[in-house]
Amino acid sequence: MNANASERRIRNNRIKRRRELRHRFIMCICTFLLIVTFSSLFFSFRTKAQGRDEEVLYKYYKSIVVEDGDTLWNYACQYGEEQYYDTHDDYIKEVIRINTLSDDRITAGQHLILPYYSAEFIG
């Protein structure tokens, strides 16, 4: 009886070890699949590439001296591209911010920095 019980215990231990190994193997496979799945999802997000037909415009800044009769509205009409500014007021607000002006009043002889866009790349 004692030999029979020990053989049964040995057989049960082998079965138990096989189940543990099978369980660990399945867990490794599942972990690997999860990593591959999340990696492919994470790296599959793409940014919108610019089409070949779209014109590339670069943002630049130019320094100007205000002439007599010039207004920020005139500069907004001249340099405020509709593609980049919703309104001329948005362009004017950016000029005010860049030049740390207190309001939209400018005077002749004053130096201003104006943003503008150009298709020409100046490197």
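In the predicted model, the side chain of lysine 62 is positioned over the face of tyrosine 116, at 5.8 Å from the ring centre. Tyrosine 116 belongs to strand 2, which spans residues 111–118, and its ring also takes part in contacts with other aromatic side chains, described next.

Six aromatic pairs are present in the structure. In one of them, the ring centres of tyrosine 60 and tyrosine 116 are separated by 5.8 Å and the ring planes meet at 35°, so the arrangement is classed as tilted. Because tyrosine 60 is located in strand 1 and tyrosine 116 in strand 2, this pair ties together parts that are 56 residues apart in sequence. Tyrosine 60 and tyrosine 116 are both buried. A further pair involves tyrosine 79 and tyrosine 116, with centres 6.2 Å apart and planes at 55°; this pair is therefore likewise tilted. Tyrosine 79 is part of helix 2 (residues 72–79), whereas tyrosine 116 is in strand 2, so the contact ties together parts that are 37 residues apart in sequence. The relative accessible area of tyrosine 79 is 13%, which places this residue in the buried class. Tyrosine 116 thus pairs with tyrosine 60 of strand 1 and with tyrosine 79 of helix 2.

Lysine 59 is found in strand 1 (residues 58–65) and glutamate 94 in helix 3 (residues 88–98), so the bridge ties together parts that are 35 residues apart in sequence. The two partners fall into separate accessibility classes: lysine 59 is partly exposed, at a relative accessible area of 33%, while glutamate 94 is buried, at 10% relative accessibility.

The other salt bridge is formed by arginine 105 and aspartate 103, for which the closest N and O atoms lie 2.4 Å apart. Arginine 105 has a relative accessible area of 63% and is classed as exposed. For aspartate 103 the relative accessibility is 23%, and the residue counts as partly exposed.

Definitions and conventions:
Residues are numbered from 1 along each chain as its sequence is written. This is a predicted model: local features need pLDDT of at least 70, side-chain atom pairs count only at pLDDT 80 or more; totals for chains, interfaces and linings use all residues. Side-chain values use heavy atoms; hydrogens and water are left out. Helices (H or I, at least four residues) and strands (E, at least two) are DSSP runs, numbered from the N terminus. Buried means under 20% relative accessible area, exposed over 50%, partly exposed in between (1.4 Å probe, protein chains only). A salt bridge is a side-chain nitrogen of Lys or Arg within 4 Å of a carboxyl oxygen of Asp or Glu. Rings of Phe, Tyr and Trp (its six-membered ring) pair if their centres lie within 6.5 Å; planes under 30 degrees apart count as stacked, over 60 as edge-to-face and the rest as tilted. A charge sits over a ring if NZ of Lys or CZ of Arg is within 6 Å of the ring centre and within 35 degrees of the ring normal.
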